[in-house]
Structures are given as C-alpha cells and as structure tokens.
Amino acid sequence: MNADVVIAGGGPNGLFLACELRRAGVTPLVLERLAEISTQPKANGLVGRVVQAMDYRGLYERLSGRPGPPTPTPVYQFAGFGLDLRAVAGNPLYTLPIPQRVLEERLDAYAAELGVAVRRGWELESFEQDDDGVTLEVRTPAGRQRLRTRFLVGADGAHSTVRKQAGIGFPGSTDDRFVTRTGLVVIRDPGLVPETGELEVPDEGRVRPLQWHWTPRGAFAFASFEPGVHFIGSAEWDQPAVDGPVTFEEVRDAFCRVVGRDVVVEPAPGAAEWKRRAGSNARQAERYREGRVLLFGDAAHVHPSFGGPGLNLGLQDGLNLAWKLAAELGGWAPDGLLDTYHRERHPVGRRVLLHTVAQVALLSPGEDVRAVRQIFGELLDEDVVRRRIAELLAGADVRYEMSAAPHPLLGRWMPDLPLGTTRVGEVMRAGRAVLLDFTGEFGEAVEPWRDRVDHLRAETPEPPAPAVLVRPDGYVAWAGGSGLDEALRTWFGAVTAVAG
Ligand SMILES: Cc1cc2nc3c(=O)[nH]c(=O)nc-3n(C[C@H](O)[C@H](O)[C@H](O)COP(=O)(O)OP(=O)(O)OC[C@H]3O[C@@H](n4cnc5c(N)ncnc54)[C@H](O)[C@@H]3O)c2cc1C
C-alpha cells in the first residue's frame, strides 16, 4: 500500500481531512491536480458551526489570526434580509472571515507540520476497487504512476472524477434563470458613507455592506475585505445570454443596473478577476460511500453560494468522516460505523440545498416575491424566527439519529461548557472521544476503552447529566446515568477487537 487513504483533491476540504486523519494516526496521501494553490477568489470566510469546530480542533487562532474562543456574530444575512442577532439568546451563528486562498495556505502549512504528503501536479485519472483496496492511475509531472490504497476519498470538487467513476449519481436541479457577476473595485462614489461603509441606493436610502440586497431589478452586494478595496456582486434574472470574456465594464454596468444608479467605481489595483456565472446548481450525490470509495465536500454536494454555507458543510463532513475512517483502519470500528457517515451527513447536505435554493427564490424579482418578502420580513422581527434562521444557517439544528436513551444533548453538538480551569473546546483539541464525568462514578466503566476514549473527571456549574460521552467530532453519543456500556460498544467497538 502506498497510503492508508488517498485523498483526491487538495482544496480546503481535502487538506483538512488529511490533517484530521494524520492526527488520528492514519497515513493519508493527498493528490492535487494543480501545481500551486489556486488564487481564484472563492469563499470569503467560514460561517456556522464549523467555526466552533475549528476551535475544538485548536485551529481557530491559526486560521483567524485572533485569540479564541470565537464569539457569535451580531449580524448576518439571509436572502437579502439583514439578520440582527444581538438580542437572540444563545445566538448560534459564528463567522470566521478568511479568503479561501489564505485558508488553503494555512491548512497546507498545518498539513506540512503534521508530515502529510501533498503531491501537487498529480491528477487522479481512474481507479478500480476490490475487496482489499483501491488501485489508482495517476498522472504526475514525471509521467503516469499506479498507486494502491485501502480507501479513496473524493474531495475533488463539483466535477468530481471520483464520483463519476464510482457511478454515483448527482441528482438535483440547475437554475439557469439568473446571472451573477462579481469583481474587486475601488468605490469612489460620494454615496459611500466612510464611517459606516453604507451605500446610498435609490428608494432604499443607505444600505449596509456584507449582505445581498433585493431590488425589483435583481440583487446586489458589496463588501470590503481589505482597506480601500470592495467586492461587488450582482445577480440579474432573465437577461439575454452573454458569452466571451468578462470585463470590468460588464461587472460595473450590471452592478449599477441593479443598484438603480451610476455608482462611481474603478478596477482595484491588480484586479483581473471579473467573473460571470450563469445560474447555479443544487445537486447532491446519491450516496457518500461506494465500498472503499467515499465522497465529501463539493464532490458530494453543490448549491447556490448565497450565505456562504459551503465550507461549513464540507469541513464538517471531513470531521465526521475522519475518526470513522481511522477507526476502520485501526481495526476497532464497530459494524456499520463507516456507513453512519452517509446516514448522518447526507440529511445535513439536503438541508443546505433546501435553504440555499429558498434564498435564490426569495432574491428573485417579481411582485409575488416582493409580497412574500414583506411577510417574511415581518416574521423576522420576531427573535424566535431570527433564531431559527440563524440555527439553519449555522447547521446548529443538526441532530444525528442515535439509539441511546433520549436526552436533550443526544446527537447534538457538545456545547462549550466551562470545566474549571479549562472548557470543552480545549478538551476536544486532542481529537479523541472523551467521557465528561461530572460525578466521578464512571471511570471504571470506561476503563476498557481507554485506548479510544479519554476519561475526564469534570466540573461545571450546571452539569447537563451525570456524564456525557462526546465523539471525536464534537457530537454527543450518550448523556445520562445508565447505558454507557452500550453506547461505548455502539460507537467505539468491542473491547476484544483491539486486545485481539
Ligand atoms: C464565488 C464563490 C464564493 C463562495 N463563497 C463561500 C463562502 O463565503 N463561504 C463558504 O463556506 N463557501 C463559499 N463558497 C464555496 C466553497 O468555495 C467551496 O465549498 C469549497 O471550495 C469546496 O472545497 P472542496 O475542497 O470540496 O473543493 P474544491 O475547492 O473545488 O477543491 C477541489 C480540488 O480538487 C482538485 N482536483 C479536481 N479533480 C482532481 C483530480 N482528478 N485529481 C486530483 N485533484 C483534483 C482541484 O484542482 C481542487 O483543488 C464559494 C464558492 C464560490 C464559487
């Protein structure tokens, strides 16, 4: 075997999964078709539960450049509505601004520190799987090579070779009614308010940056991610098809059309990325596993990018998959553990497709949409509705199905409770399962699993249960006073599996 796991695709998701696997004692190999990290502008940040997940991995400071722990964002957006979350109790929405290129550079550096092999300029061309492993045909700068691995993971993006060759369908819909155009500019407009970053818009007055805005002509957004430079974006419906290279003038004119007046802008210094995208896809792989081949990230799901949910979804797929693959390779995985990856993550992906497609519908023009928006906007005046939307965007409403005795925490993300001089987020940095024992009575019960599960005698002002079993991905596998033995077997295998 050349590696325990070969990951096709060294984008953000492939790199993150490789780091997670390495930390779990697995030897991954990343194959990346491009010779260098792409400089194409894509994500501007992480949004949702993934920000806390990065904190629970000890990566928040490294990625954000700020001291942790992260705090919830006071404002966000949904379908062109501003979401004021300041009064929302237990606001679940976190953000971590970071351009995708920088994210990839930082994950790449982390992978290098962990000793992960990342082969750039290596492209997976084809593969065949058998009972024991997968044989890969790879094009490298030095010619073709054949590699052998126990598992192949496709993190090779929306057009995934792995997905297609594994024969996994990608059903869903393509909405080609609208065109988005984006670019980086300097706004030299007297209607830009320097103190607040707002922009004067006809009929609307001053509108705020960092969100999409609905107009009868389409939707627009603007935001400054570096001093003096603005991202501008527009989405227009039912326009004549345009081909050929995109220019600054095209991006500017579309933005001005939608805003409803001439906004004085000029190309940002060095900006050459003028983008036009026709419509969007909402598609999801039928299954995330085919034998020894697994899919995740954009290879498993694509959706409209409004609200930026892609990396929240993809990186948490990786978090879910890594420890299960490591268990399989370590020989202690209980029967069916790896299949829970699809069972748990597929519904989460479906929900992201749901809310991003809903956002496109709410952003499209028309009197009917205007009417729906008015009602929706009135609902958003209620804290409880804003909270529901924030949970949806964050993925904080995720609850994995589990068979243990019901408890409000079961299947949910383990909250970052204070634990004396430490907190849950710091305890989870080991990347291992942990039993938080709030009574001191469970040490003996967990002893036979100590190679897979840490035991922590923990104290917190209001313990949620006598003890809580947290999986390595931060989700609660069991909480209560009885039934621990069964939960340990369900998630961490029989004791004899490792001893033998
Ligand atoms: C304009 C735009 C804005 C976005 N904004 C946000 C945002 O603000 N927040 C957010 O969370 N998400 C955002 N997204 C989505 C986010 O960029 C994607 O979800 C993310 O890039 C997915 O990462 P990935 O690693 O799964 O796939 P990719 O980033 O597509 O990486 C796949 C990698 O696989 C490589 N590859 C492909 N085929 C092969 C092969 N056969 N062999 C070897 N390597 C191969 C590719 O070269 C590529 O490097 C945005 C997307 C776009 C387009």
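**Entry 1: conventions.** Helices (H or I, at least four residues) and strands (E, at least two) are DSSP runs, and I number them from the N terminus. The model is predicted, so I kept local features at pLDDT of at least 70 and side-chain atom pairs at pLDDT 80 or more, while totals for chains, interfaces and linings use all residues. Residues are numbered from 1 along each chain as its sequence is written, and side-chain values use heavy atoms, with hydrogens and water left out.

**Entry 2: domains.** I noted three domains, with bounds from an automatic or database domain assignment. Domain 1 covers 3-44 + 99-170 + 285-363, domain 2 covers 176-280 and domain 3 covers 418-499. Over C-alpha atoms, the centres of domain 1 and domain 2 lie 33 Å apart. I then looked up their contact (heavy atoms within 4.5 Å): eight residues of domain 1 touch 10 residues of domain 2.

**Entry 3: helix 2.** I checked burial next (buried is under 20% relative accessible area, exposed over 50%, partly exposed in between, with a 1.4 Å probe and protein chains only). Helix 2 is mostly covered, with eight of its eight residues buried. Among them are Arg-49, Gln-52 and Asp-55, as well as Val-50, Val-51 and Tyr-56. After helix 2 comes Gly-58, with a positive phi near 75 degrees.

**Entry 4: helix 2 against helix 7.** I took the axes as lines fitted to C-alpha atoms over the stretch in contact, with angles from 0 to 180 degrees between N-to-C directions. Helix 2 (residues 49-56) and helix 7 (residues 310-330) have axes that come within 9 Å and cross at roughly 40 degrees. The two helices are therefore oblique to each other (under 35 degrees is roughly parallel, over 145 roughly antiparallel, 65 to 115 roughly perpendicular, the rest oblique). From helix 2, Arg-49, Val-50, Ala-53 and Met-54 meet Leu-311, Asn-312, Leu-315, Gln-316 and Leu-319 of helix 7. I sorted these contact residues into six nonpolar, two polar and one charged (Ala, Val, Leu, Ile, Met, Phe, Trp, Tyr, Cys and Pro are nonpolar; Asp, Glu, Lys and Arg are charged; the others, Gly among them, are polar).

**Entry 5: helix 7 against helix 8.** Helix 7 packs on helix 8 (residues 339-363) at about 175 degrees, with the axes 10 Å apart. This pair is therefore roughly antiparallel. On the helix 7 side I listed Asn-312, Leu-313, Gln-316, Asp-317, Asn-320, Leu-321 and Lys-324, which meet Thr-340, Tyr-341, Glu-344, Arg-345, Val-348, Gly-349 and Val-352 in helix 8. By class, the contact has five nonpolar, five polar and four charged residues.

**Entry 6: backbone angles.** Most residues other than glycine have a negative phi, and most peptide bonds are trans. I looked for departures. Leu-210 is not a glycine, yet its phi is positive at about 65 degrees. Leu-210 sits in the loop between strand 13 (205-207) and strand 14 (211-215), and at 48% relative accessibility it counts as partly exposed. Asp-238 also has a positive phi, about 50 degrees, without being a glycine. Asp-238 is in the loop between strand 16 and helix 6 (248-259) and counts as exposed, at 65%. The peptide bond from Gly-68 to Pro-69 is cis, with omega near -5 degrees. I placed Pro-69 in the loop between helix 3 (60-64) and strand 4 (75-78).

**Entry 7: His-230.** Is His-230 buried or exposed? At 10% relative accessibility, His-230 counts as buried. I found His-230 in strand 16 (residues 229-237). Leaving out residues up to four places away in sequence, His-230 touches residues including Leu-184, Ile-187, Phe-222 and Ser-224.
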